[in-house]
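Please read these notes with the structure open beside you. Each point takes up one part of the chain.

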Amino acid sequence: MRSDDLSQAERTLWEAFTHGESVDLSSGNAAFDDPAQSDRWGSDRVIRAEVLVALLLGAQEPEAGQVAAVRLTGARIVGSLNLGHADVTVPLALTGCSFDEAPHLYWARLHSVHIMRCRLPGLVASGARIDGHLWLEGSHISGGLWLDGAHITGILNLSAAHLSNPGGDALLADRLNVDANVYCDTGFTADGEVRLPGATVGGQLIFRGAKLRNPSGAALYASRLQVAANVFCDGGFTAQGEIRLRGARVGGYLSLVGAVLTHPDRTALNADDLAVETDVYCSDGFQSTGAVSFSGARVGGQLSFQGARLSNPSSPSSPEHDGVALSLQRLQAEELLLRPSEQISGVVELAYAKIGLLRDDPATWPSRMQLDGLSYETLDPPLTARQRLDWLHRDTDGYQPQPYERLAQCYRSIGLDAEGRSVLLAKQRDRRAIQTPPRKFWGLMQDLTVGYGYRPFRAAMWLITLAAAGSIYFHLSPPQRLDTGQNPHFNAVLYTLDLLLPVGSLGQEGLFSPKGVSLWISDLLVAAGFVLGLTVAAGATRVLSRD
């Protein structure tokens, strides 16, 4: 490119390049210098993209002892800045510039690239390698930012950037590899899908205060994302559309403190199979309209919903059935803090979760839950068996034996054996409700007599009551003596006990013969003793087999 083909602005940039000086074409009027006003700028602020390409690819030799660089402020760049597959060895720094066409950096190798507070109709950097930082702070990019397969050895900074591609990909960063931190904070907004599936971040991923909008699909699609340190989606973070973190790996903690997620009647947060080394905070003002799912997730520390608001009520098409507000099926966590600020609106699924310490609050228990297979070591607060049974009775699947067994074991582990027996007794009673009529009757007999073996004192009370009633009756109406050649002394108490006890003999029953009503009374006592003996044996067998 010959110097006499250059405009005055281009010649100034050409000469400044050799020693890396910055060229500022702005007017000094902040409102007028906004790149959104670039159509009003004069020709003195126009730079052809081909001039930038020529400089970046070595058309001008750097001055000896100087670091050459393209540093340009306040320019309107016309034409196509196409560096596809190029090897660029000098830095590129553009500030407050406007592009007529989307730059193409695909599969290029570049040093640090700063495109700050610029306006671009798109940016394609698929497969690019940037040895240093990619700084897009404050820029407005419409039509999509493509970083899929790119590798950035430094920081990716999208702070205060505005990405707009409604209905499409605002950020396409599948398999992106960033060795340091990724900043999408301080006013970052995206209208369209933000895609990070399979991406790797060597430092922290920061969406603090970001606003994501893609109500018809995923606002953040980050399945299989790997972050070496922490992930921040807090500090005023909002998302319209699904946040998808399925199968992601986080080496530190995940913060969704105060985040507001909106995806009505669908999934607002999908963190299925997520693995987090320490804690997950969906707390302190966290709000979700739509389902939150941590099914199969592994959390090394605490999963907290302290002060959260979770809602996924019934849809208009099926108002009689609540949706799933929180799914924690197969979750593994050292601690689950399930103490939202208000009652959860929707079903909470805890089936087959494994939790060390479960902290909850009866005031915010959802009306419907799934608890079959839930395993925990400790409950806080433990509450009484009566209160915890109300918790179990909220199970949408009805009677399932495992939740009762787990709760009883938890009580016994902290020395509350009586509470544990109450839970097991309730288990048998609830089981009876789904049995056939004959089994229901037999179960009722066991319940009334010995409380299914968990209330053994009842057998003694029944025995004492029947013995007392029979003794009084036979004392007033003694049976006739049999003609055996003996003249035995009649004892009403021993005779009654001889009738009641199904085994052994006290020497009274075989010597006397009741008649009429007394015969009916004696037969009733024999039958009662037989039933009492069977129920005691059944209850004792049940308790001993458990021990």
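Predicted model: local features only at pLDDT ≥ 70, side-chain atom pairs only at ≥ 80, totals over all residues.

**Notes on the structure**

1. Tryptophan 146 touches Leu123, Val124, Ala125, Ser126 and Leu172, leaving out residues up to four places away in sequence; contact means heavy atoms within 4.5 Å. Tryptophan 146 lies in strand S12 (residues 145-146). Helices (H or I, at least four residues) and strands (E, at least two) are DSSP runs, numbered from the N terminus. At 38% relative accessibility, tryptophan 146 counts as partly exposed; buried means under 20% relative accessible area, exposed over 50%, and partly exposed in between (1.4 Å probe, protein chains only).

2. Residues are numbered from 1 along each chain as its sequence is written, and side-chain values use heavy atoms, with hydrogens and water left out.

3. Strand S5 (residues 92-95) is covered on both faces: Leu92 and Leu94 are buried on one side, Ala93 and Thr95 on the other. S5 runs parallel to S3, joined by four bridges, and pairs in the parallel sense with strand S7 (residues 109-116), also over four bridges. Two strands pair if DSSP finds at least two bridges between them. Leucine 94 in S5 stands opposite leucine 72, and threonine 95 has methionine 116 in S7 as its bridge partner.

4. Which residues of helix H1 (residues 8-17) are buried? They are Ala9, Glu10, Leu13, Trp14, Ala16 and Phe17. Their cover includes strands S1 (22-24), S2 (46-48) and S3 (70-73), and helix H2 (49-56).

5. Aspartate 33 is in the loop between S1 and S2. Is aspartate 33 buried or exposed? It counts as buried because its relative accessibility is 13%. Its side chain makes a polar contact of 2.8 Å with that of serine 27. A polar contact is a pair of N or O atoms within 3.5 Å; within protein, one must be able to donate a hydrogen and the other to accept it, and residues adjacent in sequence count only if both atoms are side-chain atoms.

6. The structure holds zero disulfides, a disulfide being a pair of cysteine sulfur atoms within 2.5 Å. Cysteine 282 is buried, at 0% relative accessible area. Its sulfur is 9.8 Å from the closest cysteine sulfur, in cysteine 233, so the two are too far apart for a bond.
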